[in-house]
Amino acid sequence: MAKATNVPYNNTIDLSKTLIRCPFAKCNTRLIKPKSNETFNVSVNGLDFLQAVKPSNISTKESSSDHVSSLEDEQSEPSNNPGSFIKVSDVWDFDNIGVSKEFPDDITISNGVNVERLIICSDCERGPLGFACFESSETGAAVKDVKDLQYYLCLSSVMVECTD
Ligand SMILES: [Zn+2]
């Protein structure tokens, strides 16, 4: 049996063979077992999701102190880069997730859809790990029933445990 290890997501990982967990080691709550390896690239303007791995946490083994690169330069990259998300149509598919109250700000994702809720770890309440929105239906009906919310979990906000 393989030793369970939490790693940051990268696109070589088959998500259908993973568990997704809260990135905080002290929490490590199981958030969801993805049903498929399908991911969605979504850019969200004006919203920063939790980063499971911060660039500044990556240290080289050689600690030559006379070469200190500017962290501010590394952090100046735009925060609205498209991120990889998994889409979850039913909140009950999550094992543990917290959903915020209705999100008042006018924040939209790349296709113009409004962000309605933010999602967080239900155990340690850290996040946001993603968001929820209403996707326009075929009929175009402006029905905003909470059970129609689509949930997007940001893969750079979580750790994945490969189970296979
Ligand atoms: Zn947590």
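Guide: Please note that this is a predicted model. Let us begin with S5 and strand S9 (residues 150-154), which pair in the antiparallel sense through 4 bridges. Within this pairing, Lys 87 has Tyr 152 of S9 as its bridge partner.

Visitor: What do strands of a sheet pair through?

Guide: In general, strands of a sheet pair through backbone hydrogen bonds, in either a parallel or an antiparallel manner. Here, strand S5 (residues 83-88) is also joined to strand S4 (residues 40-42), with which it runs antiparallel, by 3 bridges. Phe 40 has Phe 85 in S5 as its bridge partner.

Visitor: In what order do the 4 strands of the open sheet lie?

Guide: The order is S1-S10-S2-S3, with antiparallel pairing. Strand S1 (6-8) and strand S3 (30-32) each have a single partner strand and stand at the edges, so one side of each lacks a neighbour in the sheet. From one strand to the next, the twist averages 50°. Between strand S2 (residues 18-21) and strand S10 (residues 159-162) there are 4 bridges in the antiparallel sense, and Ile 20 lies opposite Val 160 in S10.

Visitor: Where is Glu 102 found, and which residues does Glu 102 touch?

Guide: Glu 102 is in the loop between strand S6 (98-99) and strand S7 (115-120). Leaving aside residues up to four places away in sequence, Glu 102 touches Glu 116 and Arg 117. The C-alpha atoms of Glu 102 and Val 115 are 9.0 Å apart, with the two residues 13 residues apart along the chain.

Definitions and conventions
Residues numbered from 1 in each chain as written. Predicted model: local features only at pLDDT ≥ 70, side-chain atom pairs only at ≥ 80, totals over all residues. Pairing = 2+ DSSP bridges. Helix = DSSP H or I, 4+ residues; strand = E, 2+ residues; numbered from the N terminus. Axes fitted to C-alpha atoms, helices over the stretch in contact; angles between N-to-C directions. Contact = placed C-beta atoms within 7 Å.
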